[in-house]
Amino acid sequence: MTAPFIDLSVHHQPKGVSDRIAYGFTKVLRWTADTFFAERYGHRAVVLETVAAVPGMVGATINHLSALRRMCDDKGWIKTLMDEAENERMHLMTFVEISKPTLFERAVIIGVQWVFYLFFFALYLISSKTAHRVVGYFEEEAVISYTHYLAEIDEGRSENVPAPAIAKRYWGLPDDATLRDVVLVVRADEAHHRDVNHGFANELAGLPVGPVADCVPHVELAPNWKKAA
């Protein structure tokens, strides 16, 4: 398995008040995460991925209801956003296996998720363009964080433990896959979400939509009834 190339230099320069608000908000959250977690990247991933899984679900829900009201096609936005939410949830489930969050961190997750869900739902109703730009900037920071995590592993400060079984199944990783392999595919996912959400924001603003980074194919998560059918 070879993770796709990730352009680490990709950054959307803020244009206008909406973008500046989105960028400033993201930087505040980045400072909070850096202060709270320092270089405990595994624990940081657990908390941040539970937040990262919220925007896709919120965006899909609101777009679904909007398409029903307007009786129009959604142009594929709903499935794209639902896939994003599922993918971020799988990131969470993977890092839960690796980092074993404490009871305190689980409590933080519950509180942060509720606050962020309500905030993002309101933001999406007010300005979906700003909401997608926020997610685009979130994912830019996620790519940076996972790049730092890779450096921690490569320099021996974080143990390169075996990859959890859930990660091997979801990304189709080999039996001897390690944490480093997991971080590589997760970073590729985040780069993909980065470009998709900046693209959505650009489309809503009437701007050109740029290229989207590749990511490793994911195994379809099917319910038990479908597997038995």
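**Talking through the model**

Modeller: Buried residues make up 46% of the 229 residues in the protein, where buried means under 20% relative accessible area, exposed means over 50%, and partly exposed lies in between (1.4 Å probe, protein chains only). Keep in mind that this is a predicted model, in which local features need pLDDT of at least 70 and side-chain atom pairs count only at pLDDT 80 or more, while totals for chains, interfaces and linings use all residues. Residues are numbered from 1 along each chain as its sequence is written, and side-chain values use heavy atoms, with hydrogens and water left out.

Colleague: Thanks! How many helices and strands does the protein have?
Modeller: Eight helices and zero strands. Both are DSSP runs numbered from the N terminus: helices are H or I with at least four residues, strands are E with at least two.

Colleague: And why call it as compact as a globular protein of that length?
Modeller: The radius of gyration is 18 Å, close to the 17 Å that the globule rule gives for 229 residues, so the protein is as compact as a globular protein of that length. That radius is taken over C-alpha atoms, and the rule is 2.2 Å times the number of residues to the power 0.38. Along its principal axes, the C-alpha trace spans about 50 × 50 × 35 Å.

Colleague: Now the inside. Which residues have the most contacts in the largest nonpolar core?
Modeller: Phe95, Tyr146, Tyr149, Trp171, Leu173, Val182 and Val183, in a core of 26 residues. A nonpolar core here is a set of buried Ala, Val, Leu, Ile, Met, Phe, Trp, Tyr and Cys residues joined through side-chain atoms within 4.5 Å.

Colleague: Which helix gives the most to this core?
Modeller: That's α7, with six residues. There is also a second, separate core of 20 residues, which includes Val51, Trp77, Phe116 and Phe138.

Colleague: I've been eyeing valine 54. Is it buried or exposed?
Modeller: Valine 54 counts as buried, at 5% relative accessibility. It is in helix α2.

Colleague: What does valine 54 touch?
Modeller: Leaving out residues up to four places away in sequence, valine 54 touches Gln113, Phe116 and Tyr117; contact means heavy atoms within 4.5 Å. Glutamate 86 is 32 residues from valine 54 in sequence, and their C-alpha atoms are 9.7 Å apart in space.

Colleague: Switching to the outside: what forms a nonpolar patch on the surface?
Modeller: Ile110, Trp114, Tyr117 and Leu118, with about 450 Å² of accessible area together. Such areas come from the Shrake-Rupley method with a 1.4 Å probe, and for residues only the protein chains shown count as cover. Like charges are joined within 9 Å, and nonpolar side chains (Val, Leu, Ile, Met, Phe, Trp, Tyr) within 5 Å.

Colleague: Where is isoleucine 110?
Modeller: In helix α4, residues 103–126. Isoleucine 110 is exposed, with a relative accessible area of 52%.

Colleague: Last one: what about phi of methionine 71?
Modeller: Phi of methionine 71 is near 55°, a positive value in a residue other than glycine. Most residues other than glycine have a negative phi. Methionine 71 is in the loop between α2 and α3 and counts as exposed at 76% relative accessibility. Lysine 75 is in the loop between α2 and α3 too, with phi near 60°.

Conventions:
Patches are made of residues with over 30% relative accessible area and no salt bridge: like charges are joined within 9 Å, nonpolar side chains (Val, Leu, Ile, Met, Phe, Trp, Tyr) within 5 Å. A salt bridge is a side-chain nitrogen of Lys or Arg within 4 Å of a carboxyl oxygen of Asp or Glu.
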